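Have the viewer open as you read.

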Amino acid sequence: MTRPIVTVTRRLPQAVEAELREEFDVRLNTDDLPLDAAALRRALESSDALLCTVTDRLDRATLGPPPVRARIAANFGVGFNHIDLSAARDLGLVVTNTPGVLTEATAELAMTLMLMVARRVTEGERELRAGKWTGWRPTHLMGRGLGGRILGIVGMGRIGRSVARRAANGLGMRIEYFTRTPTQEDDALGRRCESLAELLANADVVSLHAPATSETKRMIGAKELRQMKRDAVLINTARGDLVDEEALADALLEGALHGAGLDVYEHEPSVHPRLLRLDNVVLLPHLGSATEDARIGMGRRAIENLRAFFAGKEPPDRVPGA
Ligand code: 8YV
């Protein structure tokens with residue numbers, strides 16, 4: 001029996017590539033360089049499935065006109081804003097993602113960023129490595145403690161809730177949240193705000209956990225940054241599209257915020273040059289799900305989706321709308 005051809009657009013953890021080989025005719029990207037539009041289109045035309053990632057821009061131009069051979073794009077990751085779902089639907093391409101398996105890893109990274117910004121960790125490390133540390137002194141790099149402060153969570157999905165629990169139980173923070181579809185479970189985790197403005201005005205730390213959609217694009221701009229407390233911290237481990245980076249650089253430069261911690265950017269892998277020059281922002285290279293457990297879990301979840309699809313079943317994580 002011929003096995004489905006699966007083009008895997010980036011290197012995956014070894015265990016995942018080995019498992020894929022057991023069931024599929026796998027085409028690996030041994031160089032691990034991102035595929036451009038032409039290479040993605042060739043993959044769509046010559047394979048039965050794509051196992052793709054956030055670095056694959058599957059927009060209408062690339063998905064293009066039918067026919068293609070591929071019938072499913074199994075995304076390695078939970079966010080799918082790099083895939084034009086309506087173009088995928090027009091092409092008859094099923095799209096799946098990998099929810100659940102990266103919740104803990106991403107929540108941990110949001111906590112890491114919160115502490116790094118509040119306690120000025122990277123400023124201290126840079127100073128020490130540059131040989132500029134002159135020794136202990138009472139006024140050296142004083143940051144902000146997080147215990148008892150208000151954490152404002154934007155978007156109470158799996159990751160937002162996990163951050164709420166960690167911040168409340170681990171750091172003793174008080175939780176407020178703003179979300180479009182609140183549940184009773186959310187009420188047990190914190191106080192619901194009626195508007196984003198209310199949350200921004202109350203929170204000492206604002207952490208973004210909303211998906212990138214046309215409604216959430218640049219939801220944090222100049223106006224929203226002005227609504228935040230002057231000594232607040234902004235954390236973004238969701239998607240760069242949510243924040244107007246130019247406006248954030250202005251706010252950080254003017255001292256309108258204590259600081260920011262970013263793991264995602266509007267134009268990855270480019271980072272706004274003005275952010276790169278600021279000391280009160282911690283910048284990480286999209287590491288949210290970068291633990292071995294999460295990345296292997298994501299790979300296995302993508303395989304489960306492919307397996308179900310080619311067995312003629314409904315894939316467990318089919319993205320609605322595609
Ligand atoms: C992934 C992510 O590493 O899952 C997501 O949405 O943002 C990341 O944690 C990335 O998307 C891989 O495709």
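Helices here are DSSP runs of H or I with at least four residues, strands are E runs of at least two, and both are numbered from the N terminus. The model is predicted, so local features need pLDDT of at least 70 and side-chain atom pairs count only at pLDDT 80 or more, while totals for chains, interfaces and linings use all residues. Residues are numbered from 1 along each chain as its sequence is written, and side-chain values use heavy atoms, with hydrogens and water left out.

The table sets out two helix pairs; axes are lines fitted to C-alpha atoms over the stretch in contact, and angles run from 0 to 180 degrees between N-to-C directions.

| Pair | Angle | Axis distance |
|---|---|---|
| α5 and α7 | about 50° | 9 Å |

On the α1 side, Val16, Glu19, Leu20 and Glu23 make the contact, where contact means heavy atoms within 4.5 Å. Their partners in α13 include Arg295, Ile303 and Leu306. By class, this contact has five nonpolar, one polar and five charged residues; Ala, Val, Leu, Ile, Met, Phe, Trp, Tyr, Cys and Pro count as nonpolar, Asp, Glu, Lys and Arg as charged, and the others, Gly among them, as polar.

The angle between α5 (residues 103-118) and α7 (residues 158-171) is about 50°, so α5 is oblique to α7. Their crossing is right-handed. Among the residues that meet are Met111 and Met114 in α5, and Ile159 and Val163 in α7. The residues of this contact divide into nine nonpolar, three polar and four charged.

Which residues touch the most other members of the largest nonpolar core? They are Leu20, Leu51, Met114, Leu151, Val163 and Leu306, out of 47 residues. Such a core is a set of buried Ala, Val, Leu, Ile, Met, Phe, Trp, Tyr and Cys residues joined through side-chain atoms within 4.5 Å; buried means under 20% relative accessible area, exposed over 50%, and partly exposed in between (1.4 Å probe, protein chains only). Helix α5 gives this core its largest share, ten residues. Leu20 touches residues including Val8, Leu51 and Leu306, not counting those up to four places away in sequence.

How values were computed. Parallel < 35°, antiparallel > 145°, perpendicular 65-115°, else oblique. Left-handed = near helix turned anticlockwise from the far one by under 90°.
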